[in-house]
Amino acid sequence: MKMRRLGRTDSFVSAVGLGGWPFGGGYDWGPVDAAQAEKAVLAALDAGISLIDTAPVYGESEAFLGRILKGRRSQVVLATKCGLAKNGSWTDHDLRLQTIRRQLDESLARLQTDYIDLYQIHYPDPKVPLEEALLELARQKQAGKIRHIGLCNVTAEEIDRAVRVTEIASVQNEYSLLHPQKGEEVFKACREAGASFISYGTLCGGILSGKYKTAPNLRRADARNYFYRCYRADAFLQAQEAATRVKKLAAHLQVSPAAVAVAWALSNQTVSCALTGARTAEQILQNAAGADVTLTPQDLAFLEGRPCTCTK
């Protein structure tokens with residue numbers, strides 16, 4: 001597994017990371033086969049995946065990972081988040097200082113660790129200045145509870161504001177073949193800040209892995225229904241066009257579609273790590289293989305559905 005430096009820190013992360021949201025089960029992802037999920041996490045570690053990302057609002061994900069990683073903590077760059085809180089069927093933004101401190105302590109307990117490698121603001125809170133929240137994270141870093149500070153779901157302007165307060169190791173935003181337009185200004189801000197970019201939604205909840213032949217009949221509360229917009233009506237048909245190109249190139253390269261989708265994200269030199277969700281060891285290995293797939297300019301043009309102007 002290829003390793004990349006995390007921002008300007010002394011930590012390195014695997015080019016492919018493991019997103020822990022599916023392990024949370026519940027309304028978002030449905031029942032979890034605990035034995036199969038444990039095998040998936042252990043397969044990820046054996047494949048050299050070191051970055052594992054979770055959050056308090058991901059159901060049972062933190063507690064599950066805390067149990068599985070016990071005794072293997074040193075192999076992992078463990079990332080979790082603060083700033084979102086479940087309120088019945090709703091999710092509230094909450095970056096009040098007392099909430100940050102409480103969520104951090106609760107995450108440490110559930111993850112069975114005394115420090116978090118990468119502690120991230122999940123979403124900015126319109127009610128709390130970003131600078132105030134970051135100053136609290138800087139205090140927790142000084143106290144030794146966290147090693148590095150990251151941001152998720154932020155704009156270039158918010159990154160610029162953040163780096164005036166404290167060192168930002170990483171930015172985690174959605175980025176995939178289906179959402180390539182979300183990146184450029186943020187990429188530039190990351191490069192100027194010396195922060196790593198971590199992509200999430202790399203497989204768009206499974207569409208780019210070739211999992212779905214027809215639009216799935218998802219529960220309203222299913223994360224793929226409310227979070228990933230590409231599962232609805234015309235958006236699903238458009239996504240299938242991209243997924244078909246991914247499958248064709250995967251067949252040509254003799255790798256899985258998931259590996260091609262991951263390789264596409266990693267072909268952007270600003271992307272340090274592509275996060276992928278998985279529930280089985282087989283899915284883990286397919287995703288991890290993307291770190292070793294090199295796409296040519298012709299391959300990239302084909303995947304993006306644009307004419308190739310490359311010269312041989």
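Here is a short tour of the model, stop by stop.

Before you click, note that this is a predicted model, where local features need pLDDT of at least 70, side-chain atom pairs count only at pLDDT 80 or more, and totals for chains, interfaces and linings use all residues. Residues are numbered from 1 along each chain as its sequence is written, and side-chain values use heavy atoms, with hydrogens and water left out.

Of the 312 residues, 56% are buried (under 20% relative accessible area, 1.4 Å probe, protein chains only).

Now select W21 and Y58. Their ring centres are 5.2 Å apart with planes at 20°, so they count as stacked (centres within 6.5 Å, planes under 30 degrees apart; over 60 is edge-to-face and the rest tilted, using the six-membered ring for Trp). W21 sits in the loop between strand 3 and helix 1, Y58 in the loop between strand 4 and helix 3, 37 residues apart. Both W21 and Y58 are buried.

Next, pick F23 and F64, a tilted pair at 5.2 Å and 40°. F23 is in the loop between strand 3 and helix 1 while F64 is in helix 3, so this pair ties together parts 41 residues apart in sequence.

Hop to Y175, F187, F197 and W264, which form one aromatic cluster.

Last stop: S107 in helix 4 (residues 97-111). Show its neighbours and you'll find that S107 touches P56, E62 and T80, leaving aside residues up to four places away in sequence (contact: heavy atoms within 4.5 Å).

Notes
Helix = DSSP H or I, 4+ residues; strand = E, 2+ residues; numbered from the N terminus. Buried < 20%, exposed > 50% of the residue type's maximum accessible area, 1.4 Å probe, protein only.
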